[in-house]
Amino acid sequence: MAVGQGADRGLDDIRAKVEAGERLTHEDGLRLYETDDIHTLGELANVVRERMHGRRVYFNVNRHINYANVCVLRCKFCSFYYPFGKSADDGTPQAGDLVHAATPYELTVEEIVSRATEAYENGATEVHIVGGLHPKLPFSYYTDMCREIRKACPKMHIKAFTAIEIIHFTRIAKPRMTVAEVLTELRDAGLGSLPGGGAEIFDDRIHEEAFKNKVGEVEWFEVHRTAHELGIFTNATMLYGHIETRSERVGHLIKLREHQEVSLAKRNSHFNCIIPLSFIPDGSALGNLPGPTGLEDLKTLAVSRLMLDNVPHVKAFWIMQTPKLAQISLDWGVDDLDGTVVYYDITKREGGSDGVTHQEMTIDSLRRLIGEAGCIPVERDTLYRPVERLADGSWRVAS
Ligand code: V47
């Protein structure tokens, strides 16, 4: 059946499960992907989303800071990294090189704090900080960064460092530290929660082909398990639309669901949201691939909502899905938009290699996107508590 030819009755059994709140299987997930009936898929995802959140759509006022692009890894999907060990003056990629950024950079702690402070003064409630695996920066760089931001911006939530960076810190710390020790030290310095990056696709084949020198799912889950045991909330991602199959995506979502099940039952915190990241090929070593279409984006967001029945929020990161599709996705299971962002170095959809990293959405445009979609905009903090803006320009977490 082609798109638009009416309801796919073959999904009736899945509809019955969704309406009864029953868990979907791997096979159900694949059938949802394979249907051409995009409308029924959206409707089903919306049943779950409305059961959890009604018509509310959350957004946040944040600032992303990417502290360094120098990296010991060479992930094929990444156009952000500058290979550690290559001198700056031969930065232009040569024949035979994997594609990568042309210029290395690393920010000082002072520069990071100054960017965070500027964001804080402009009303940001969160700073989201990640970067490449830099072999020379000491662990104290990261703890100082958190401590100094905490001092300068007492109310701002610091969401920082993917699981991959946390594992890197355990190795560069002198003496070496455990994941729990690293997380505890960062938390003492001001870290609030962990973002979901670095998950990619939990599958050995994809790991081998696209990011084989990076730690894989065992370590990614170890970090998130430890964080949840320590009561640190985290997010989860899935990077889709490169060399993985739909079945491998569904497998990835089920692994997250199983982890979440244990965190909810036995640990002190859990995943707050899943962020499906739409692959942007431009400038990466997989730049020959076409990347996902809009319908594949919508399907992936909807299937994520339906498979991850125990994760509260599904976030569209408009930098990757585009603002227009992110708006439409609010009827395909998405209840959360990140965010005002302001600067983002890791990917850029158009003109990716022009070096311009200013990518900003104002509060008014976020509210407009959400309102026009027939939804109720709710500004939230990182932990999904509603934020109240006061007449004097300050903000507080609503009680
Ligand atoms: O870890 C890298 C991915 C991630 C590309 O937790 C790419 O709230 C698409 O994790 N095309 C970083 N994706 C972004 C991320 C994130 C974003 C917004 C919110 C949150 C959160 C987390 O982006 C990386 C990697 O998985 N990525 N290259 C690319 N070419």
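Two residues are in contact when heavy atoms of the two lie within 4.5 Å. By that rule, and leaving aside neighbours within four places in sequence, T300 is in contact with Y33, M238, Y240, R249 and P276. The structure is a predicted model, so local features need pLDDT of at least 70 and side-chain atom pairs count only at pLDDT 80 or more, while totals for chains, interfaces and linings use all residues. Residues are numbered from 1 along each chain as its sequence is written, and side-chain values use heavy atoms, with hydrogens and water left out.

T300 sits in helix 11, residues 294-307. Helices (H or I, at least four residues) and strands (E, at least two) are DSSP runs, numbered from the N terminus. Is T300 buried or exposed? T300 counts as buried because its relative accessibility is 0%. The cut-offs here are under 20% relative accessible area for buried, over 50% for exposed, and partly exposed in between, with a 1.4 Å probe and protein chains only.

One of the contacts of T300 is R249, and R249 has its place in helix 10, residues 246-266. R249 is buried too, since its relative accessibility is 5%. Not counting residues up to four places away in sequence, R249 touches Y33, I201, M238, Y240, G241, E244, E296 and T300. For a sense of scale, R249 and E148 are 101 residues apart in sequence and 39 Å apart in space, C-alpha to C-alpha.

V341 tells another story about sequence and space. V341 and R63 are 278 residues apart in sequence, yet their C-alpha atoms are 4.7 Å apart. V341 belongs to strand 12, residues 341-343, and is buried, with a relative accessible area of 0%. Apart from neighbours within four places in sequence, V341 is in contact with N62, R63, H64, F317, W318, I319 and Q359. H53, in helix 3 (residues 38-53), is buried as well, with a relative accessible area of 5%. With neighbours within four places left out, the contacts of H53 are Y58, P312, H313 and D335.

Next comes the ligand. How many residues surround the ligand? There are 22, and the closest are K159, G196, G198, E200 and K315; to be counted as near, a residue needs a heavy atom within 4 Å of the molecule. Some polar contacts can be picked out, a polar contact being a pair of N or O atoms within 3.5 Å (within protein, one must be able to donate a hydrogen and the other to accept it, and residues adjacent in sequence count only if both atoms are side-chain atoms). A polar side-chain atom of K315 lies 2.7 Å from a ligand oxygen atom, and a polar backbone atom of G196 is 2.8 Å from an oxygen atom of the ligand. A backbone N or O atom of G197 comes in at 3.4 Å from an oxygen atom of the ligand. Taken alone, the ligand exposes 620 Å², and the protein buries 96% of that; these areas come from the Shrake-Rupley method with a 1.4 Å probe, and for residues only the protein chains shown count as cover. Strand 8 (234-240), strand 9 (271-278) and strand 10 (313-317) are the elements that give two or more residues to the shell around the ligand.

Helix 6 (residues 163-172) is largely enclosed by the rest of the structure, because nine of its ten residues are buried. The buried ones are A163, I164, E165, I166, I167, H168, F169, T170 and I172. They pack against strand 5 (126-130), helix 5 (139-152), helix 7 (179-189) and helix 9 (217-230).

Most residues other than glycine have a negative phi, and most peptide bonds are trans. A cis bond joins K174 and P175, with omega about -5°, and P175 is in the loop between helix 6 and helix 7. The bond from D338 to G339 is also cis, with omega near 15°; G339 is found in the loop between strand 11 (336-338) and strand 12. T322, in the loop between helix 12 (318-321) and helix 13 (323-328), has a positive phi near 75° and is partly exposed at 26% relative accessibility. Y384 has a positive phi near 70°, but counts as buried at 11% relative accessibility.
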